[in-house]
Every structure is written in structure tokens, then in C-alpha cells.
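Please have a viewer ready.

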Amino acid sequence: MDKKVQRYFLEMKNKENLIPSVCGIYNLTIQERGKEDPQFCKFLYHKIGEDFHWKDRLAWSISDWDNYLKNEKLKFYTAYVGDDVAGYYEYLHHDDTQEVEITYFGIFKNYFGKKLGAYLLTHALETGWKHSPKRVWVHTCTLDHPNALRNYIARGMSIYKKELVLVPA
């Protein structure tokens, strides 16, 4: 039986709309790192996305991951607390439309409620704007973390499209 899911598409058309967030986690760093290791990227996608119905890449082989990660327009950032991985985001810079799309974004459960998601999104938006795009955009849905949509809006993004979709239960 299929499940009805509300999907939201959000955008930011001006970097001046960014409402940054801070995070007080000691020893937190965000590094453009991980893309060189397809197994690591697959692990992050699987573990962070397992509770949020991230399924489109589950069948990918390591070779599929490697091919995807070789895209020069793909940027991959990993958040660390000390040596521990806390989360990640990736985005694609689309030259044809002069847009930056945040394709995946998530943190591990043990960092929920500590403002890491807001801080990591701030970093993703600031980094995306370095490409001077016409807009930075993302989509989320009701299967994502309950604070995901609020976080995007709180950082200054606006909903520009909604759609109801059916996904396999």
C-alpha cells in the first residue's frame, strides 16, 4: 500500500536572506571531505537516511557511487565533532540553470536537538552562495525529520512549490 507524502520545494534567491545559526558544540568542524571514498558516502547515506525513507540510492553499487562522486559539480561536506562523524551535506552546482541544489543533508541522531542541523544548513547555504547562483534550492518532505522544514524556513528559505506524492510503504 502506498503512503501519501507532502513534498516541499524551497529556495533562496538572495544570499542576503540567509538567517545564520550558531552551534556551541565543542570541537565541531565541517570539511569538504568524504567524496573520495564511495564506501564512506554510501555509509552516511544509508545510516542517516534509514529513518527518513532515503531509498533512491540503496541499490547503488560502490561503482555507481564512485561514478556519481566523480562529478566535478558535486560538493560533499562532512561535519565532525573531534574525530566522530556528525553529519554531512552534498550539493550540485548546475551550470545550465546557474543554481545550487542541496541534494542531501542530514545529521546523526545523537546530534538532534543540539543546533547542529541549523548550523550545518547555514554552512551549506553560505558555501552554495560562493558559486554566485541565481538561487539555492532544496526539497524535503513529511518523511524527513520533523524539524527539517522549519530549519529551512528559519534559515531564510521560502517554499515555492508543494506536491502530494505516493511512495511505497
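Is Asp51 buried, partly exposed or exposed? At 42% relative accessibility, Asp51 counts as partly exposed, a class that lies between buried (under 20% relative accessible area) and exposed (over 50%), with a 1.4 Å probe and protein chains only. Please keep in mind that this is a predicted model, where local features need pLDDT of at least 70, side-chain atom pairs count only at pLDDT 80 or more, and totals for chains, interfaces and linings use all residues. Residues are numbered from 1 along each chain as its sequence is written, and side-chain values use heavy atoms, with hydrogens and water left out.

**Salt bridges**

The structure holds eleven salt bridges, each defined as a side-chain nitrogen of Lys or Arg within 4 Å of a carboxyl oxygen of Asp or Glu. Here are some of them.

| Pair | N to O distance |
|---|---|
| Glu32 and Lys75 | 3.9 Å |
| Lys109 and Asp51 | 2.5 Å |
| Glu90 and Arg57 | 2.8 Å |

Helices (H or I, at least four residues) and strands (E, at least two) are DSSP runs, numbered from the N terminus. Lys75 is partly exposed, with a relative accessible area of 22%.

Asp51 sits in the loop between helix 1 and helix 2 (62-69), while its partner Lys109 is in the loop between strand 5 (99-107) and helix 3, 58 residues apart. Arg57 is also placed in the loop between helix 1 and helix 2, and Glu90 is in strand 4 (residues 84-94), 33 residues apart. Both Glu90 and Arg57 are buried. Elsewhere, salt bridges that share partners join Glu11, Lys13, Glu99 and Arg135 into one network.

Seven strands form an open sheet in the order 2-3-4-5-6-1-7, with mixed pairing; two strands pair if DSSP finds at least two bridges between them. Strand 2 and strand 7 (158-168) are the edge strands, each pairing on one side only. On average, neighbouring strands of this sheet are turned by 20° against each other, direction ignored. Strand 5 and strand 6 run parallel and are joined by four bridges. Val100 has Val136 in strand 6 as its bridge partner.

**Helices on the sheet**

Helix 3 packs on the sheet, touching strand 1 (2-12), strand 2, strand 3, strand 4, strand 5 and strand 6, and its direction makes about 160° with that of strand 5. Contact means heavy atoms within 4.5 Å; axes are lines fitted to C-alpha atoms, for helices over the stretch in contact, and angles run from 0 to 180 degrees between N-to-C directions. Helix 1 lies across strand 3, strand 4 and strand 5, running at about 105° to strand 4.

Helix 3 is mostly covered, with twelve of its 14 residues buried, including Leu116, Leu120, His123 and Trp129.

**Around Thr142**

Thr142 lies in the loop between strand 6 (135-141) and helix 4 (148-154) and, at 48% relative accessibility, counts as partly exposed. Not counting residues up to four places away in sequence, Thr142 touches Val5, Gln6 and Tyr8. Thr142 and Lys4 are 138 residues apart in sequence and 9.2 Å apart in space, C-alpha to C-alpha.
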